[in-house]
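Visitor: I have a model open and would like to learn how to read it. Could you take me through it one feature at a time?

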Amino acid sequence: VKLVESGGGLVQPGGSLRLSCAASGLTFSTYSMGWYRQAPGKQRELVASISSRGSPNYAESVKGRCTIARDNAKNTVYLQMDSLEPEDTAIYYCNAGGSVGWWGQGTQVTVSS
């Protein structure tokens, strides 16, 4: 299984980013997918997840600012992040199948003026 994230970068506070995660080597449509993040000195935490049926779940800290979506035809999951704050700065990881599943290599998101 391979998960490849893209779309990270440097953005000013209040800006937006769209992360993508391309998956291969698994029957994508049957797996829940998630985005996690880990800031320096902190534990990895769930940002958002989406079930195999497309039901989303969000961390309280990003509700109303992030949208997770999946395209089963492209084996890709997305995370649209708006109104970004410096506290959103972290490495963002794509996950398939939960804690016992698979992880991508991560993409850095830095929110700074």
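**Reading the strands, core, loops and pocket**

Guide: This is a predicted model. Start with a pair of strands: strand 7 and strand 8 (residues 76-81) run antiparallel and are joined by six bridges. Across this pair, Ile-68 has Leu-79 in strand 8 as its bridge partner.

Visitor: Which residues have the most contacts inside the largest nonpolar core?

Guide: In soluble globular proteins, nonpolar side chains tend to be buried together. Here the largest nonpolar core has 29 residues, and those with the most contacts inside it are Met-33, Trp-35, Ile-68, Val-77, Leu-79, Met-81 and Tyr-92. At least two residues of this core come from each of strand 3 (17-24), strand 4 (33-38), strand 5 (45-50), strand 7, strand 8, strand 9 (90-96) and strand 11 (107-111).

Visitor: What is Met-81 in contact with, leaving aside its neighbours within four places in sequence?

Guide: Met-81 is in contact with Gly-15, Ser-16, Leu-17, Leu-19, Arg-65, Cys-66, Tyr-92 and Val-109.

Visitor: Now the backbone. Which residues other than glycine have a positive phi?

Guide: Most residues other than glycine have a negative phi. Asn-75 is one to look at, with a positive phi near 50 degrees. Asn-75 belongs to the hairpin of strand 7 and strand 8, which has four residues between the strands. Ser-83 is another, with a positive phi of about 50 degrees; its place is in the loop between strand 8 and strand 9.

Visitor: How exposed are Asn-75 and Ser-83?

Guide: Asn-75 has a relative accessible area of 25%, so it is partly exposed. Ser-83 also counts as partly exposed, because its relative accessibility is 42%.

Visitor: How many of the lining residues are nonpolar, polar and charged?

Guide: Four are nonpolar, three are polar and four are charged.

Notes:
Residues are numbered from 1 along each chain as its sequence is written. This is a predicted model: local features need pLDDT of at least 70, side-chain atom pairs count only at pLDDT 80 or more; totals for chains, interfaces and linings use all residues. Side-chain values use heavy atoms; hydrogens and water are left out. Ala, Val, Leu, Ile, Met, Phe, Trp, Tyr, Cys and Pro count as nonpolar, Asp, Glu, Lys and Arg as charged, and the others, Gly among them, as polar. Two strands pair if DSSP finds at least two bridges between them. A nonpolar core is a set of buried Ala, Val, Leu, Ile, Met, Phe, Trp, Tyr and Cys residues joined through side-chain atoms within 4.5 Å. Buried means under 20% relative accessible area, exposed over 50%, partly exposed in between (1.4 Å probe, protein chains only). Contact means heavy atoms within 4.5 Å.
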